[in-house]
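Have a look at the structure first.

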Amino acid sequence: MTDTTTVTKPGEIVERALELSRTDGCVVIAQESGTANLRWAGNALTTNGLTHSRQVTVIATVDGAEGTASGVVSRSGVTPADLEGLVRAAEEAARGAGPAEDANPLVGGTEFAAGFDEPPAGTSIEVFREFAPALGEAFARARAGGRRLYGFASHEVSSRYVGNSAGLRARHDQPTGTFELNAKSADMSRSAWAGAATRDFTDVDVARAEAELEQRVAWAARRVDLPAGRYETLLPPSAVADLMIYLAWSAGARDAHEGRTVFSKPGGGTRVGEKLSSLPLTLRSDPAYPGLECAPFSTAAASGDTSSVFDNGFALQPTSWIADGVLSTLPASRHSAALAGLPAAPDIDNLVLESGGADRSLADMVASTKRGLLLTCLWYIREVDPQTLLLTGLTRDGVYLVEDGEVVGAVNNYRFNESPVDLLGRVTEAGATERTMPREWGDYFSRAAMPPLRVPDFNMSSVSQAS
């Protein structure tokens with residue numbers, strides 16, 4: 001038996017909790033996270049800091065005549081002395097629960113066990129050693145140009161250890177970095193935004209971001225008021241990411257099979273196999289996608305439509321949700337996949353949209369636009385109708401008018417009403433895919449690569465007073 005006085009590493013926490021288990025099955029997830037951050041306002045750093053956290057989840061399973069029940073308890077700041085109470089609480093919850101409809105045999109295997117006995121990874125302010133001087137140079141350029149820069153940078157490294165009574169041992173270290181930069185004119189009347197997602201901040205080009213914002217603030221010196229309506233619109237990768245992420249979040253196989261979503265087939269079943277776009281668009285996830293690497297196995301502290309506590313440790317495979325414009329599969333746990341008659345495909349923590357052979361940049365697409373709008377980003381996105389996946393939201397930090405291939409000024413903000421599924425069927429051009437930072441969902445989902453899209457009739461439903 002493990003000596004509790006020496007239990008300090010997350011892997012040891014998992015092993016000790018499994019030793020304490022007295023039920024038919026047990027899954028333990030231990031996660032250690034460290035975060036470093038910088039914030040700035042008015043061309044000067046304001047704060048920086050480091051934080052650290054630990055969370056342990058115990059999932060107890062109890063077999064009964066009518067099926068297997070599960071009980072889940074999660075707690076933060078867990079010490080070795082807290083483990084027995086945590087395990088007993090999960091066991092009590094399992095004994096008090098009815099049979100779990102998603103019950104499946106626990107996943108075994110040590111395919112992802114490398115480093116399970118080692119300390120967690122971490123981060124420090126040193127991650128900004130190249131980024132911070134570049135930021136200082138951007139402050140100087142902005143100050144000289146009469147602009148003010150605001151924003152923040154955050155870097156988190158989360159080490160997740162998962163083990164169970166069926167022999168599973170798995171570990172994954174996930175670095176997640178985000179950078180957001182906002183430039184304002186001296187009178188604060190004009191605003192522009194840029195962002196980037198990164199693993200280590202070595203690939204963040206602060207100078208390029210600041211130069212793009214300088215250009216956009218200059219574009220906004222001329223203001224053109226336009227009414228609501230449908231406009232040919234260029235969506236940059238960030239805005240496309242926010243729409244596609246919401247599509248992916250809404251694509252659960254069970255909800256679709258039971259007739260509750262836009263992916264439900266009239267009369268029953270799902271729309272898998274249906275053509276959604278005339279362009280060869282592929283929406284996919286791959287744990288090994290370069291620059292967007294994420295956990296290669298499923299981790300779930302709660303069961304839902306696309307995940308199950310019984311699937312912890314399930315190996316994730318490269319998956320095309322839409323292939324060459326055709327809906328090819330839907331996110332599903334082992335249980336929901338069986339209900340829908342689809343392969344098991346738990347959530348994967350990245351998302352990529354590609355159009356075969358497309359190589360044009362957003363600038364190229366602007367240059368070939370006779371008259372239309374160029375967005376910066378979307379925000380405050382909310383769902384209006386799940387049956388069509390109609391979303392509403394606002395434009396933010398720059399909507400620009402393009403005429404004869406050139407940006408001629410900034411227009412007012414809008415409220416939009418669009419379904420990303422319907423939008424895929426109306427897109428007339430997709431550019432080259434690039435890694436991007438989702439503006440709206442970046443706090444929850446930052447690993448995305450998207451192309452710019454041309455939509456001939458994007459619905460700007462009303463003028464917004466937001467600025």
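Let's start with charges over rings, meaning that NZ of Lys or CZ of Arg is within 6 Å of the ring centre and within 35 degrees of the ring normal. R39 sits over the face of F152, 5.0 Å from the ring centre. R396 does likewise over the face of W379, at 4.3 Å.

| Charge | Ring | Distance to ring centre |
|---|---|---|
| R39 | F152 | 5.0 Å |
| R396 | W379 | 4.3 Å |

Before going on, a word on the source: this is a predicted model, where local features need pLDDT of at least 70 and side-chain atom pairs count only at pLDDT 80 or more, while totals for chains, interfaces and linings use all residues. Residues are numbered from 1 along each chain as its sequence is written, and side-chain values use heavy atoms, with hydrogens and water left out.

Now the rings themselves. How many aromatic pairs does a search of the whole structure find? There are 16, counting rings of Phe, Tyr and Trp (its six-membered ring) whose centres lie within 6.5 Å; planes under 30 degrees apart are stacked, over 60 edge-to-face, and the rest tilted. One of them is F416 with F458, a tilted pair with 5.8 Å between centres and 40° between planes. F416 belongs to strand β16 (residues 413-418) and F458 to strand β20 (residues 453-464), so the pair ties together parts 42 residues apart in sequence. Strands here are DSSP runs of E, at least two residues, and helices are runs of H or I, at least four, numbered from the N terminus. Elsewhere, W40, F128, F131, F139, F179 and F201 form one aromatic cluster.

On to the helices. In α1 (residues 10-20), eight of the 11 residues are buried, so the helix is mostly covered. Those buried residues, including I13, V14 and L18, pack against β1 (25-41), β2 (44-64), α2 (83-95), β4 and β5; contact here means heavy atoms within 4.5 Å.

Helix α4 (residues 206-219) has 14 residues that should span 20 Å at 1.5 Å a residue, and its end C-alpha atoms are 20 Å apart, which agrees; the expected span is 1.5 Å times one less than the number of residues. Which residues of α4 are buried? They are V206, A209, E210, L213, R216 and V217. Seen down the axis of α4, they fall within an arc of 120°, so they line one face of the helix; the arc is taken from the directions from the helix axis to the C-beta atoms. Their packing partners are α3 (131-144), β4, β5, β6 (191-198), β13 (371-385) and β14 (390-403).

Finally, two single residues. R171 lies in strand β5 and counts as buried, at 11% relative accessibility. Its side chain reaches the backbone oxygen of P119 at 3.0 Å, and a polar atom of that side chain lies 3.3 Å from the backbone oxygen of E118. L168 is in the loop between β4 (147-164) and β5 (169-185), and is buried at 2% relative accessible area. L168 and F314 are 146 residues apart in sequence, yet 9.7 Å apart in space, C-alpha to C-alpha.

Conventions. Buried means under 20% relative accessible area, exposed over 50%, partly exposed in between (1.4 Å probe, protein chains only). A polar contact is a pair of N or O atoms within 3.5 Å; within protein, one must be able to donate a hydrogen and the other to accept it, and residues adjacent in sequence count only if both atoms are side-chain atoms.
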